[in-house]
Each structure stands twice: as C-alpha cells, then as structure tokens.
Amino acid sequence: MTEQTVVHLLRHGEVHNPQGVLYGRRDGFHLSVNGRAMADRVAEVIGDRPIVHLRSSPLERAQETIAPLAAARGLEVLTDARVIESTNKFEGSRFAPGENALRDPRTWRHLWNPFRPSWGEPYKEVAARMLAAVHDARDAAAAEPEAVPGQANEAVVVSHQLPIWTTRLHVENRSFLHDPRKRQCTLCSLTSLWFRGDVLTKVTYSEPAGDLIPTRDKAAPFSAGGASEEHRP
C-alpha cells in the first residue's frame with residue numbers, strides 16, 4: 001500500500017472519422033492508423049512507470065487506446081462506464097465549415113444555457129461520475145504493493161476530451177463555461193491527478209504523442225482522422 005498515488009486521465013487517440021461526424025457514444029468509431037501509433041507511443045513513453053491499475057471507457061476508441069499499455073504492463077483493463085463520453089444532442093451531426101449544425105435554426109433551441117449545458121449531459125453530473133471513478137482508481141492503485149520503492153503507484157484511466165476537461169475544471173475550482181477550442185486536452189494527452197492519501201495535491205498535463213498530432217487537430221473538439229478539409233470541425 002502506498003500513501004501517494006497518481007491517476008492519469010488519458011484521452012483516446014485519433015479516430016478514423018472521414019465524414020467529420022460528432023460521434024459521441026456511437027459504436028463503430030475506431031482508432032485510425034495514426035491513432036494506433038499514438039496509443040503505441042503512450043505505451044512506449046509511460047510503460048516503464050509504476051502503473052498498477054488500468055481502467056477504460058467501454059467505447060472502442062478508448063479500449064483500443066489502452067490495449068498497448070495493458071500489454072506493456074501485463075495488466076487487465078477494468079471497463080468503467082462512468083468514464084464514458086458525455087451525452088450530446090448534436091451526436092451524429094457535422095460541424096465542418098460548409099455543413100455546421102450550429103447554423104441550422106432548428107438546433108438553436110438546445111443552446112439556451114451554456115452553463116449547464118442545455119445541449120448535453122450536465123457538467124456537474126459528468127464531474128461527479130468521473131471523480132467517483134478516479135477515486136476508485138486511486139484506491140485500487142494505493143492498495144497494491146509498492147511497484148517501485150520510493151515512488152507513488154499510478155493508475156491510468158482512458159476517457160474522452162469533455163469528461164476529462166470537465167473533471168479538471170472541477171478540481172481546479174474553475175467555471176464549467178468554456179470555449180471547446182481552448183481545452184487543454186488533445187489526443188492521447190495525460191491529465192495527471194496527484195494524491196497524498198485522498199487529498200489532491202496537484203494537477204499536471206503532458207502530451208506523450210504530441211508530435212503525432214496534426215497541427216490543425218490539436219485544438220479540435222473531436223477527432224476526424226481521415227477527413228478532408230471540408231469535413232473537418
């Protein structure tokens with residue numbers, strides 16, 4: 001058992017999404033070739049860290065992202081529905097310059113409250129379910145024998161951009177109201193929560209696969225691997 005633990009929130013890799021669809025919780029959206037390279041890179045970069053616990057969203061892109069790390073560490077992956085993507089009334093829509101769902105007046109009725117938000121799962125509920133999973137991951141890592149003497153045991157949780165960013169806003173006591181283009185949570189990034197006991201002591205951020213991300217996609221609110229410029233968000 002260790003007093004200090006680290007829970008890394010890992011966003012999934014690039015998704016094969018040539019039509020630029022906001023896929024949300026839809027099945028059938030897998031990592032692209034580049035996305036698989038991102039997942040491999042994460043395993044290479046952090047595979048020798050004292051990681052003792054893995055859990056993941058049930059969606060394919062998350063499961064495929066954690067697979068190389070699980071193989072590198074020789075660990076089973078716990079599937080946790082609490083870290084799944086947020087629900088969104090625009091799921092299945094496109095947000096490319098020439099076909100943007102937000103320009104359709106029929107969708108404006110969903111936009112009345114950006115603080116909640118009115119178009120999707122409430123931020124407070126997202127943060128609550130994510131933090132419950134984070135604390136369970138922390139407890140699981142802390143309960144394991146010390147993997148490396150003198151170092152904190154670590155857990156990795158693979159989730160999605162909005163749930164991870166919402167969690168960070170919550171633990172840093174920041175407003176949930178934000179511009180999706182300014183989220184610091186790019187593909188295969190790590191938002192790391194450091195604990196002493198059950199007290200959060202700091203939050204750090206890193207991009208182990210940052211060099212594999214096309215510049216135009218670093219700030220995209222969802223991944224559109226394989227999409228032409230006309231289909232990109």
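This text walks through the fold of one protein chain, from the whole down to single residues.

The model is predicted: local features need pLDDT of at least 70, side-chain atom pairs count only at pLDDT 80 or more, and totals for chains, interfaces and linings use all residues. Residues are numbered from 1 along each chain as its sequence is written, and side-chain values use heavy atoms, with hydrogens and water left out.

Start with the whole chain. It has four helices and eight strands. Both are DSSP runs, numbered from the N terminus: helices are H or I with at least four residues, strands are E with at least two. From the N terminus on, the order is β-α-β-α-β-β-β-α-β-α-β-β. Of the 233 residues, 51% are buried. Buried means under 20% relative accessible area, exposed means over 50%, and partly exposed lies in between, with a 1.4 Å probe and protein chains only. The chain exposes about 10700 Å², and carbon and sulfur atoms supply 52% of that area. Such areas come from the Shrake-Rupley method with a 1.4 Å probe; for residues, only the protein chains shown count as cover.

Now look at contacts, meaning heavy atoms within 4.5 Å. Take those with a separation of 6 or more: residues 24 or more positions apart account for 70% of them.

Next comes the sheet. Six strands form an open sheet in the order S3-S2-S6-S1-S7-S8, with mixed pairing. Strand S3 (77-79) and strand S8 (199-206) stand at the edges; each has a single partner strand, so one side of each is left without a neighbour in the sheet. Neighbouring strands are turned by 20° against each other on average, direction ignored. Two strands pair if DSSP finds at least two bridges between them. S2 and S6 run parallel and are joined by five bridges. Serine 56 stands opposite valine 158 in S6.

Helix H4 (residues 161-171) lies across S1, S6, S7 and S8, at about 140° to S1. Axes here are lines fitted to C-alpha atoms, for helices over the stretch in contact, and angles run from 0 to 180 degrees between N-to-C directions.

Turn to helix H1, residues 33-46. Its 14 residues should span 20 Å at 1.5 Å a residue, and its end C-alpha atoms are 20 Å apart, which agrees. The expected span is 1.5 Å times one less than the number of residues. Which residues of H1 are buried? They are Gly35, Met38, Ala39, Val42, Ala43 and Ile46. These cover an arc of only 140° around the axis, which puts them on the same side of H1. The arc is that of the directions from the helix axis to the C-beta atoms. Val33 and Glu44, on the other side, are exposed. The buried residues pack against strands S1 (4-11), S2 (51-56), S6 (153-159) and S7 (190-196), and against helix H2 (60-73).

Two residues sit in the loop between S1 and H1. Serine 32 lies there and counts as buried, at 7% relative accessibility. Arginine 25 is in that loop too, but counts as partly exposed at 31%.

Finally, consider phi. Most residues other than glycine have a negative phi. Asparagine 173 has a positive phi of about 55° although it is not a glycine. So does cysteine 188, at about 55°. Asparagine 173 is exposed at 73% relative accessibility, whereas cysteine 188 is buried at 0%.
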